[in-house]
Amino acid sequence: MLKFPKVVPWTSTEEYMAVADCLYSIDISERKRGVAIVKAWRARGRVPVAIEATASLAEMCVADHEQRHGVTICQLQHMYAMALIRFVNSIVDLEQKGVYAQSVAMLAGRIGMPAWFVELRHAGTHEQLPSLMTLRSACAQALLWLRDYYWSKQVRRLPADTTIQVRAVIAEYISACETRQASLAMVASRSAKHSANPSVLAAAEATMESATTALTALVARLHADAVRLYVVPVLIESGFLVPSEKRLRAKFPDCNLPPALADAWSAPFAVFTASWGETLFYEEMLAAIVSALTPDSSELGIFESGDGALSTSHAATLVAWIRWILEAYYVPNGTAGGKASTVSIEDLLEGCLRNPSYYSRSVLRVVSDVDPALKRDLKPFVEYMGKALAALVADEAKAGAPPTNSKPMPTVSVKALQEEEALMQRRLDQLFGASRGASQTESMDVDTSANSTSTANSAPESRSAVKATAAAAAIAHQTEPAAGRWSFVPETAWTQCPIGALCDGSIPMLEWPAWIDNVPLHATPL
């Protein structure tokens, strides 16, 4: 029977259990955080009554602990009483399923709720309010009852190294299956019938039984979310659903799954589906495979692949698994011959159409083969992807070849680089050597051959006058671009050249004029 998904306000089982830890934490700040998250869940959708009751009781404990100014004992009694009354009513009302209403005490006894909770509810509603000490104790006992009868039964906790355990147990199971098959083949062989050792088959059967027990125990500990978080990501790795040896993988364009590969995984799949159901397991497999084959085009761009792109044979084998799942568990139009479809392909189609990639076209072709009714609708998309891929390949090939009307790339030899280095060294000596020997205040961008002689023979000038003279000479010197300095080259004269070089292949002179450091660019500091 097809199971419809249940909409919940939390995003994952981990978030669900994290809130439980917060609500039952001894740290008041953690309890307040848990209550705040439950309030956010209420805004998202319907929250189970047990979670509502837990959050209300925890919030009451926080309010009592903080002892806000102006809150009297009578007010605390009413607040506790209201939280406990709503706790009992909301939990017990879930058991009112008959035509005639049953008593609260009878319903409470049916679900294992202590009878004194019901009596406390009656006293808080119709009689005198219980004492504050009694109400505090009742609130603590109610939280413990909710933990035992609700939270502890919801989710089985998983250790941090679950992925490593899943990978090891599944690998051990597959290895045991292969060993058992090899032993059976050896026993069944006529040539080895008399030489076969019965102990070999017995050892293989014992290994298989141990691996089956380990896999069954692991699956029993995993909850439904673990299929998406741990099991399926391991299965689509190389060495599991995709054999490590490339000769055993599927190939494009047929993408037909080798029968031996399907037979090898029939036993593990039976264990998985027995625990989680065929719909959940195979739909999670389809979603994970499509996500691996079609990267998000909003981040990478259309037809682009990321750094961890799959190899061609790996992708072909995953596409073959999609074909195998659809042929076995998908029924076109939902039902055919009274048989309902186990899996849905809406998410698969959306993933392929939203994120075109090198393998989306192959997946859509598989869907077209399995569901002929969709073939006509998908044909324009498949043809468009084919044309776009062909154009992309043509552009890449054209970009890789040198343009026919372009000039040849200038070559730079080691000797030429050494000559350029010597030329730059001479320029540095001319610019900085004379100025360092003559004066530290003279500009390093001005020809100092004449200025050094005049400065030595003339009377000493003030520091500000020297700076002004040097700056004026530098500005005058910059009016005409000297050889080797930056200058604008017309666009029509642009040619290909090495990175960091000019159009003729020479290395430009990039020294910074020293007068810029001495002359302020603004009258006042910015």
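Glu52 has its place in helix 3, in what is a predicted model. With a relative accessibility of 26%, Glu52 counts as partly exposed, since a residue has to fall under 20% to be called buried. Leaving aside residues up to four places away in sequence, Glu52 touches Arg42 and Val47. Between Glu52 and Arg86 there are 34 residues of sequence separation, and their C-alpha atoms are 9.6 Å apart in space.

## The chain as a whole

The protein chain has 22 helices and two strands, and buried residues account for 35% of its 526 residues. Among the contacts between residues at least 6 apart in sequence, 71% join residues that are at least 24 apart. The chain exposes about 31900 Å², of which carbon and sulfur atoms supply 58%.

## Two mostly buried helices

Helix 1, which covers residues 13-23, is mostly covered, with eight of its 11 residues buried. The buried residues are Thr13, Glu15, Tyr16, Met17, Val19, Ala20, Cys22 and Leu23, and they pack against helix 2 (28-44), helix 3 (49-66) and helix 10 (224-235). Helix 3, one of these partners, is also the helix that holds Glu52.

Helix 17 (residues 360-370) is largely enclosed by the rest of the structure, because eight of its 11 residues are buried. Those buried in helix 17 are Ser360, Ser362, Val363, Leu364, Val366, Val367, Ser368 and Val370, a list that includes serine residues such as Ser360, Ser362 and Ser368.

## The loop between helix 10 and helix 11

Pro253 is placed in the loop between helix 10 and helix 11 (259-264), and the peptide bond that joins Phe252 and Pro253 is cis, with omega at about 0°. Cys255 is found in the loop between helix 10 and helix 11 as well. Its phi is near 55°, a positive value in a residue other than glycine. Cys255 is also buried, because its relative accessible area is 1% and the limit for burial is 20%.

The structure holds 21 aromatic pairs.

Because Phe269 lies in helix 12 and Trp324 in helix 15 (residues 312-329), the pair ties together parts that are 55 residues apart in sequence. Phe269, Tyr282 and Trp324 are all members of one aromatic cluster, which they form together with Trp265, Phe272, Trp276, Phe281, Trp321 and Tyr329.

## Helix 13 against helix 15

Two packed helices are described by the angle between their axes and the distance between the axes. For helix 13 and helix 15 the packing angle is about 150° and the axes are 10 Å apart. That angle makes helix 13 roughly antiparallel to helix 15, because the term applies to angles over 145 degrees. The crossing in which helix 13 passes helix 15 is left-handed.

Which residues of the two helices meet? From helix 13, Glu278, Tyr282, Met285, Leu286, Ile289, Val290 and Leu293 take part, and from helix 15 they meet Ala315, Leu318, Val319, Trp321, Ile322, Trp324, Ile325, Leu326 and Tyr329. An α-helix has 3.6 residues a turn, so residues three or four places apart point the same way. Tyr282 on the helix 13 side, and Trp321, Trp324 and Tyr329 on the helix 15 side, are among the residues in this packing, and these four residues also belong to the aromatic cluster.

Terms used. Residues numbered from 1 in each chain as written. Predicted model: local features only at pLDDT ≥ 70, side-chain atom pairs only at ≥ 80, totals over all residues. Heavy atoms only, no water. Phe/Tyr/Trp six-rings, centres within 6.5 Å; stacked < 30°, edge-to-face > 60°. Helix = DSSP H or I, 4+ residues; strand = E, 2+ residues; numbered from the N terminus. Buried < 20%, exposed > 50% of the residue type's maximum accessible area, 1.4 Å probe, protein only. Contact = heavy atoms within 4.5 Å. Areas by Shrake-Rupley, 256 points an atom, 1.4 Å probe, with all protein chains shown as cover. Axes fitted to C-alpha atoms, helices over the stretch in contact; angles between N-to-C directions. Parallel < 35°, antiparallel > 145°, perpendicular 65-115°, else oblique. Left-handed = near helix turned anticlockwise from the far one by under 90°.
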